[in-house]
Amino acid sequence: MSHPNNVKEVEEDLHLYAKRKAVYPKAVDGWFRRLKWLIMVVTLTIYYVTPWLRWDRGAYAPDQAVLVDLAHRRFFMFSIEIWPHEFYYVAGLLIMAGIGLFLLTSAVGRAWCGYACPQTVWTDLFVHVERFIDGDRNAQIRLANAPLSLSKITRRLIKHGLWLMIAVMTGGAWIFYFADAPSLLHDFVDGRAPFIAYATVGVLTATTYTFGGLMREQVCIYMCPWPRIQTAMMDEKSLAVTYKDWRGEPRSRGMKKALEEGVPTGDCIDCNQCVQVCPTGIDIREGPQIGCITCALCIDACDKVMHQLGKPRGLIDYITLLDAEEEAMGHPRMPVRKRIFRPRTIIYFSIWGAIGLAMMFSLGNRTRIDISALKDRNPLFVKLSDGTVRNAFTIKVRNMEARPRQVEIGLLGMDDARMWAEPGDRDTAQRTIRLVVAPDSVSKDRIYVISKAPEPAREEFSFTVRALDKQGGSDSDKVTFDRAEGQ
Amino acid sequence: MAEKKRIDEPTGTETVGHEWDGIEELDTPMPRWWLFTFYACIIWAIGYTVIYPAWPMISDATKGVSGWTSRGALDAEMKAQADRTAPIRNAIGATPIEQLSNDPKLLQAAVEGGKAAFKVYCVQCHGSGAAGSKGYPNLNDDDWLWGGDIATIHTTLVNGVRQPNNDLTRMSIMPAFGRDAILQPGEISDVADYVRTVSHQQPVTGARQRGAAVFAANCAVCHGPDGKGMRAMGAPNLTDAIWLYGGDKATIVQTVTNSRYGVMPAWGPRLDAVTVKMLAAYVHSLGGGEALPTATAPIDANPAAAENVQEANVASK
């Protein structure tokens with residue numbers, strides 16, 4: 001480096017923007033590839049089918065099993081209905097998802113990245129479409145290098161057309177989570193759907209096409225924060241795709257010749273299959289790296305080659321850093337049970353499970369009716385002609401069940417107080433009021449409370465609500481009754 | 001200066017030509033994107049001043065080719081809003097005030113509209129919560145000078161209180177008993193004591209008997225023999241707990257001595273008929289509204305009756 005010319009050369013190679021090296025992943029078959037197929041089918045099915053599942057909630061609520069009803073501010077998920085004030089359940093789910101990822105990472109490494117991440121699943125889908133149109137790796141490279149011709153243009157048009165179709169369907173499926181799916185589809189095709197539906201589909205089509213078709217592994221390597229977090233989360237006991245260099249090195253292409261010459265050789269024949277199948281275009285033999293999403297396709301590729309060579313599988317394998325050290329020294333591997341059940345995973349699982357249980361418990365116990373009373377502050381009180389004092393309140397009763405409910409509003413405290421709601425009047429004032437609250441909504445009633453007692457200037461009491469059906473449920477809200485100014 | 005301009009060798013940029021103790025300044029050109037944005041802003045600004053009113057002249061300003069004015073924009077907005085509410089306003093306008101409560105939806109709209117209008121026209125005296133203050137009635141309570149059913153409230157609103165040149169205006173004229181020397185100060189004090197006893201504010205005393213005689217001779221004509229008032233005259237009930245000006249002795253003495261002449265504008269000529277109806281509905285909805293008297297012709301439909309009331313008022317003076 002002391003030579004100035006060398007420095008200059010290095011400078012010329014460094015740029016702020018690294019040009020993408022095209023990746024043409026080769027098709028491969030094997031145990032992990034089949035697992036990836038299975039997970040892809042399951043996750044895509046969940047994504048596309050969920051909005052079309054129906055769930056009977058009676059006449060007053062939508063019958064879509066999973067529905068995020070933003071317009072009416074309700075979230076339906078099978079038998080669970082969440083109101084905006086219960087949003088902590090969603091927050092809890094997000095926390096569980098986060099801790100679940102921690103758990104997954106500490107137990108099986110970057111399995112999320114390799115199998116279940118939408119970026120991985122959709123990129124995988126796009127890669128298969130590409131292979132279907134352009135052929136496998138070598139054919140793709142040939143086509144990329146070929147001069148522009150009619151057949152090349154046709155293939156490109158078909159490929160991008162299919163990609164766009166998948167992208168439109170991806171964005172299209174998303175909107176069905178937010179409205180009644182069948183009627184929205186109908187409106188969408190007729191051009192009568194709201195603008196936001198078309199805009200959402202447009203944006204998601206663009207992101208799906210760009211991320212899955214064009215950017216692919218660059219999203220994982222440059223954009224996604226998760227690999228950085230995972231790097232920090234992984235330890236010597238986390239599973240990672242590892243090339244066993246102590247077994248593979250030194251690499252040799254001509255093993256027979258090397259044997260004849262007495263040169264020591266490892267199991268790696270440097271066939272480059274592991275590099276060719278890699279969807280992120282890395283060489284796993286360089287060691288663990290941020291570009292590795294642990295999809296294990298290189299394991300499939302290498303196992304196949306080892307099988308052909310008659311050597312044991314697993315030159316590239318899922319092992320922990322600790323295992324790698326032990327195995328390099330010729331010791332047996334740690335049993336799987338010990339690797340999975342260790343303090344870290346147990347703590348993560350306990351937290352995860354505790355939050356889940358707490359949420360289930362609270363879901364089972366939540367009241368489906370509640371009351372809130374808002375006192376008129378202007379005027380605070382009204383003196384009537386016989387000296388009685390009247391306070392006015394706005395009472396809101398929230399019926400979270402999808403059926404109309406009869407409830408009884410009552411007074412707790414202030415024994416001499418009576419109340420009436422419009423259109424009643426003072427003559428009909430009582431200690432209780434009965435009303436019917438519409439299904440899945442909040443009733444709003446103005447209630448007048450009167451008290452003949454001259455004192456005290458300010459008194460506390462509560463409005464109570466009690467559901468009059470079999471299910472029951474009650475709630476109360478504390479308010480004040482004012483009699484004189486300046487108190 | 002200019003002769004010192006030179007090309008700086010390491011950067012290839014021209015210098016501005018200044019030099020301070022050997023330190024020179026490069027004349028680095030503006031970034032292209034910045035320059036083009038700047039030019040675009042200039043073009044946009046020229047277009048803007050042509051299209052919109054912009055250049056100040058001696059007594060006016062250029063109008064702009066689009067003819068846009070903020071006043072015009074406001075008018076358009078107001079008109080759009082008026083068009084939006086026109087159907088419900090027309091429906092309210094077509095419904096007689098007595099029948100407004102038969103249609104809950106219409107009544108609700110009228111109350112909401114009245115609430116908004118109240119905030120503009122009425123809060124200055126009656127307060128934002130309609131609770132009034134000394135001399136300005138509280139509209140939430142169940143005590144009404146002229147009546148608390150929706151039609152009567154409407155009549156009061158249309159014609160106002162003590163409005164000149166309005167035959168239907170609410171006109172109650174209590175004599176200034178002290179100022180006009182109808183009663184002596186002692187008699188006034190006695191009658192004030194009497195009024196405070198009938199409203200249970202102080203125990204019966206000797207003054208009560210004297211005051212009762214004064215009351216029967218001077219006040220009972222309008223306030224009634226038992227002091228319960230008379231709505232046709234606008235004479236308040238003196239036995240209840242509500243006092244427009246105050247129920248303490250000094251205030252009552254002052255009221256009897258000088259009388260009180262509160263006023264309210266006649267809203268009929270000032271506001272459109274629908275707004276006045278909505279105001280009536282709102283005031284009626286505040287908690288003290290009374291039911292319509294059964295089988296009685298609405299007062300505003302019978303000017304003759306109202307005139308009689310007024311004549312009675314004048315006669316009582």
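The buried residues of helix H5 of chain A in this predicted model are A:Gln119, A:Thr120, A:Val121, A:Trp122, A:Thr123, A:Asp124, A:Phe126, A:Glu130, A:Ile133 and A:Asp134. These residues pack against six helices of chain A, namely H2 (31-49), H4 (111-116), H6 (137-145), H7 (150-175), H9 (195-215) and H10 (217-223). The helix itself covers residues 118-134, and because 17 residues at 1.5 Å a residue should span 24 Å, the 24 Å between its end C-alpha atoms agrees with that expectation. A:Gly135 follows H5(A) and has a positive phi, near 90°.

**Chain A: domains and overall form**

Chain A is divided into domain 1 (20-231), domain 2 (235-334) and domain 3 (369-482). Between domain 1 of chain A and domain 3 of chain A, the C-alpha centres are separated by 50 Å, and the contact between these two domains involves six residues of domain 1 and five residues of domain 3. On the side of domain 1 of chain A that touches domain 3 of chain A, three residues are nonpolar, one is polar and two are charged.

The secondary structure of chain A consists of 18 helices and 14 strands. Its radius of gyration is 33 Å, whereas the globule rule gives 23 Å for 487 residues, so chain A is more spread out than a compact globule. Among the contacts in chain A with a separation of 6 or more, 68% join residues 24 or more positions apart.

**Chain B: elements and overall form**

In chain B, residues 24 or more positions apart supply 57% of the contacts with a separation of 6 or more.

| Property | Value |
|---|---|
| Span of the C-alpha trace of chain A along its principal axes | about 120 × 60 × 55 Å |
| Span of the C-alpha trace of chain B along its principal axes | about 115 × 55 × 40 Å |
| Buried share of the 487 residues in chain A | 26% |
| Buried share of the 317 residues of chain B | 30% |

In soluble globular proteins, nonpolar side chains tend to be buried together. The largest nonpolar core in this model has 26 residues, and those with the most contacts inside it are B:Leu279, B:Ala280 and B:Ala281. Helix H3 (104-121), helix H5 (150-159) and helix H11 (273-284) of chain B are the elements that give two or more residues to this core, with H11(B) giving the most, eight residues. Leaving aside residues up to four places away in sequence, B:Leu279 touches B:Gly114, B:Ala117, B:Phe118, B:Leu157 and B:Trp267. A second, separate core has 25 residues, including A:Leu239, A:Ala240, A:Ile284 and A:Cys292.

**Contact between the chains**

Where chain A meets chain B, eleven residues of chain A are in contact with 13 residues of chain B. On the side of chain A that touches chain B, the elements giving two or more residues are strand E7 (382-383) and strand E8 (389-399) of chain A. By class, that side of chain A has five nonpolar residues, three polar residues and three charged residues.

Notes. Residues are numbered from 1 along each chain as its sequence is written. Chains are lettered from A and ligands numbered from 1 in the order in which they are written. This is a predicted model: local features need pLDDT of at least 70, side-chain atom pairs count only at pLDDT 80 or more; totals for chains, interfaces and linings use all residues. Two residues are in contact if their C-beta atoms, placed from the backbone, lie within 7 Å. Helices (H or I, at least four residues) and strands (E, at least two) are DSSP runs, numbered from the N terminus. Ala, Val, Leu, Ile, Met, Phe, Trp, Tyr, Cys and Pro count as nonpolar, Asp, Glu, Lys and Arg as charged, and the others, Gly among them, as polar. Domain bounds come from an automatic or database domain assignment. The radius of gyration is taken over C-alpha atoms; the globule rule is 2.2 Å times the number of residues to the power 0.38. A residue is buried if 20 or more other C-beta atoms lie within 10 Å of its own, exposed if 12 or fewer, and partly exposed in between; C-beta atoms are placed from the backbone. A nonpolar core is a set of buried Ala, Val, Leu, Ile, Met, Phe, Trp, Tyr and Cys residues joined through C-beta atoms within 7 Å. The expected span of a helix is 1.5 Å times one less than its number of residues.
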